Amino acid sequence: MSWEDNVRRVTPYVPGEQPGDSERVIKLNTNEMPYPPSPKVDMALKAYDAAALRLYPAADVAPLRDALAARYGFSADEVFVGVGSDDVLSMAFLTFFNSDKPVIFPDITYSFYDVWADVYRIKYEIKPLDKDFRIVKSDYMCENGGIVIANPNAPTGISQAEDISFIEDIVSANPQSVVIVDEAYVDFGGSTALGLVKKYDNILVVRTFSKSRAFAGMRIGFAIGCPKMIKYLNDVKYSVNSYTMNRPAIDLGLASLSDDEYFEKTVNAVIRTREWTKTELRSRGFAVTDSKTNFVFASPSSISAKELFEKLRERGIYVRWWDKDRLRDWLRISVGTDEEMKVLIENIDTITASKG
Ligand code: PMP
């Protein structure tokens, strides 16, 4: 007998590579925003008084929670804030998925869902997307212990519904379980399920500051659901770690929320660059999904995705490739600046020309 027999063993989530600051690369592998956060955030950071760090932060994250409630038209008791949406999702799994029946989610989706299910010993069942990478609604009309849907989905970029009735049908058919809708990428053109929160008590919509607000390094995520749900989430959070959100994150999150104009401007710039990139890739024979996110999902025709991934990496351009069924032929490419995407396309041309 060894202590190792008692270890909670898990296969962890593998994030995209973060090269050191000194390495000059074009980094299109973790869906970060190519633009900085709002200048108001920069000002708040420069004016930050280190003396404030002596004090614990607000355990209920009240200043940021209240500002988010006001921004999205909810009351404070309908909002939960966490350390990035990974923290929010992880707490939601721990809180709401405590059934003998399996939680269900698609085969191709955010690859953290099965990791949380494993670490928390939650049973789950995978429902394959159809051949066009779309959710098959009828798969979610069965007995289950919970449902998780990323909309738009990752890494496909596909938004399930122009019309949110697709999500509503799933939520209304499953009053016995919590439906988590992960809207990490919704600001780039998806359709939100936030409107369903007022109508149903079994939906939790999860959002992040990491992408559209250029806050991946600051770690802020939030969830919106009915007050009863948020109370349960807080009970679990306060039973694990009360002070998850640090003071600077709360203050800088507020500064970010105060600048809608900058938010719109930078999100729209990413959308324009994304559409340009899709067109360029399609004209070179790539299959490209209709991504509504800040990345494109593309499958090359004249070279394998793996080889293109490796050749781009040798040239200092980092994109994402997975050695997994149904994903092997595809690359996920985060949307950078116009200049970065031009360099990407030029490099793709050089690499594929040397093949032919
Ligand atoms: N959901 C999805 C679908 C994602 O792609 C990501 C980013 N890796 C997250 C949630 C988590 O992002 P964060 O913790 O930075 O909010």
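The structure is a predicted model. The domain assignment of the protein divides the chain into domain 1, which consists of the two stretches 3–37 and 261–355, and domain 2, which covers 39–257. Taken over C-alpha atoms, the centres of domain 1 and domain 2 are separated by 24 Å, and the contact takes 32 residues from domain 1 together with 36 residues from domain 2.

**The contact between the domains**

Between them, domain 1 and domain 2 bury about 2700 Å², and 65% of this area is on carbon and sulfur atoms. Eight residue pairs are found in polar contact across the interface of domain 1 and domain 2. On the side of domain 1 that touches domain 2, the elements that give two or more residues are helix H8, spanning 260–283, and strand E10, spanning 295–299. Of these, H8 provides the largest share of that side of domain 1, with six residues. By residue class, the side of domain 1 that touches domain 2 divides into 17 nonpolar, seven polar and eight charged residues.

How many salt bridges are counted between domain 1 and domain 2? The count between domain 1 and domain 2 is one. A salt bridge is formed by Arg326 and Asp107, whose closest N and O atoms are 2.8 Å apart.

**Salt bridges in the whole model**

The count of salt bridges comes to 26. One further pair is Arg313 with Glu17, in which the closest N and O atoms are 2.4 Å apart. Because Arg313 lies in helix H9 (residues 305–314) and Glu17 in the segment before strand E1 (26–27), the pair ties together parts that are 296 residues apart in sequence. Side chains of opposite charge can pair in this way when their charged atoms come close.

**Around the ligand**

There are 13 residues around the ligand, and those that come nearest are Ser85, Asp182, Tyr185, Thr208 and Ser210.

| Residue | Distance to a ligand oxygen atom |
|---|---|
| Ser85 | 2.6 Å |
| Tyr185 | 2.6 Å |
| Arg219 | 2.7 Å |

**Backbone details**

Most residues other than glycine have a negative phi, and most peptide bonds are trans. Where in the chain does Pro152 lie? Pro152 is found in the loop between strand E5 (146–150) and helix H5 (165–173), and a cis peptide bond, with omega at about -5 degrees, joins Pro152 to Asn151. Pro155 is also found in the loop between E5 and H5, and a cis peptide bond joins Ala154 and Pro155, with omega at about 0 degrees.

Elsewhere, Arg121 has its place in the loop between helix H4 (113–119) and strand E4 (124–127). Phi of Arg121 is near 60 degrees, which is a positive value in a residue other than glycine.

How values were computed. Residues numbered from 1 in each chain as written. Predicted model: local features only at pLDDT ≥ 70, side-chain atom pairs only at ≥ 80, totals over all residues. Heavy atoms only, no water. Domains from an automatic or database assignment. Contact = heavy atoms within 4.5 Å. Buried area = accessible area lost by both parts, 1.4 Å probe. Salt bridge = Lys/Arg side-chain N within 4 Å of Asp/Glu carboxyl O. Polar contact = N/O pair within 3.5 Å; in protein donor to acceptor, adjacent residues only side chain to side chain. Helix = DSSP H or I, 4+ residues; strand = E, 2+ residues; numbered from the N terminus. Nonpolar A, V, L, I, M, F, W, Y, C, P; charged D, E, K, R; others polar. Near = heavy atom within 4 Å.
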